[in-house]
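Dear colleague,

I am handing over the structure below, and after it I set out what was found. Please keep it open beside the text as you read.

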Amino acid sequence: MTQDVPADDDLPCTQVVMLITDYLDDALAPADRDRIDEHLADCDGCTVVLDQFRTTVRTTGMLQTEDLDRLDPGTRDDLLGVFRRWAAERPGA
Amino acid sequence: MVLAGDAAVVEALRRGDERAFAEVVERFHPMLRRIARGYVRTDEAVGDVVQETWIAVLRGIDRFEGRSSLRTWVVSILVNVARSLAVKEARTVPFASLGPADDGVAGFGPERFQGPDGEYPGHWTTPPTPWTEDPEASALAGETRSVVAQAVAALPESQRTVITLRDVDGWTGPEVAAALGISEGNQRVLLHRARAKVRLALDAHLTAGEGRAS
């Protein structure tokens, strides 16, 4: 893989970089996907970007929900109170 | 924590099992808050939406038939509650607008590419270099994880919600688009912008000390 002279119908790298998420989601028309595959085969820079996006997705996936949004104890207690009232009022409770 | 299947959880809730409820709340609550934030403005309103949702979930639990997952069902209740409250707040649904485009190309400055007068317009002048360290390995150690958590926390709200649902909670694109009431295309635009910023933060972290940022 080398930084070859781009083919005449080659996509610019800017466009490939903007389409990485569409590419990873398989949301592109087959012809567009093929053009990106052809571009990636010859472009080290865009291949690095694709790899880094994949790594970013996996690394973000290692976050736990509690890294981002913690359930505070007060809210938890409020909701358990809601549950107890609901359970007590249930027919047959 | 190994979670029981939906059917067992629902059965436990119907029996009035408080521990089962506490577990479900622990599991769903942060996600519900994230989605609610897409519909209403204040923290107080977010809290109201989520609390109303849990009440509606309990009232409706006998009607849950297991045709969708418990998560999908709870989220659909939340979206209904949030929409009616958003109407009262006279708030326009914020995710419908993507906000201004970010500078550069997915976090790469325009100077990284050849201009229109270049030999190959739009191709790299300064291509990125591969990361020498695997951030997944160091994410386990915690430092990289906090870099990513901070980058996610710093995102505009709509981008933060989408990347969290997609890449942390593991939702599909169509699920996120439906829950937030946006098109799949707009969902992907928000996701791409969010991932671009997290990638940039990881890049700065991983190349710190090497005297460059790619």
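In this predicted model, the side chain of A:Thr60 reaches the backbone oxygen of A:Thr56, at 2.7 Å. A:Thr60 itself belongs to helix 4 of chain A, which covers residues 44-60. With a relative accessible area of 1%, A:Thr60 counts as buried, because that value is under 20%.

Which residues of the other chain does A:Thr60 touch? Leaving aside residues up to four places away in sequence, A:Thr60 touches B:Val148, B:Val152, B:Ile163, B:Asp167, B:Val168 and B:Val198.

The contact between the two chains takes 49 residues from chain A and 60 residues from chain B. The size of an interface is often given as the accessible area lost when the parts come together. Here chain A and chain B bury about 4800 Å² between them, and 67% of it lies on carbon and sulfur atoms.

There are also charged and polar pairs to look for. Five salt bridges are found across the interface of chain B and chain A, and A:Arg84 forms a salt bridge with B:Glu18, where the closest N and O atoms are 2.7 Å apart. Across that interface there are 14 residue pairs in polar contact, with both residues at pLDDT 80 or more.

On the side of chain B that touches chain A, the elements that give two or more residues include helix 2 (18-37), helix 7 (157-168) and helix 9 (184-207) of chain B. Helix 2 of chain B provides the largest share of that side, ten residues. By type, the residues of that side divide into 32 nonpolar, 18 charged and ten polar.

With best wishes

Note on methods: Residues numbered from 1 in each chain as written. Chains lettered and ligands numbered in written order. Predicted model: local features only at pLDDT ≥ 70, side-chain atom pairs only at ≥ 80, totals over all residues. Heavy atoms only, no water. Helix = DSSP H or I, 4+ residues; strand = E, 2+ residues; numbered from the N terminus. Buried < 20%, exposed > 50% of the residue type's maximum accessible area, 1.4 Å probe, protein only. Polar contact = N/O pair within 3.5 Å; in protein donor to acceptor, adjacent residues only side chain to side chain. Contact = heavy atoms within 4.5 Å. Buried area = accessible area lost by both parts, 1.4 Å probe. Salt bridge = Lys/Arg side-chain N within 4 Å of Asp/Glu carboxyl O. Nonpolar A, V, L, I, M, F, W, Y, C, P; charged D, E, K, R; others polar.
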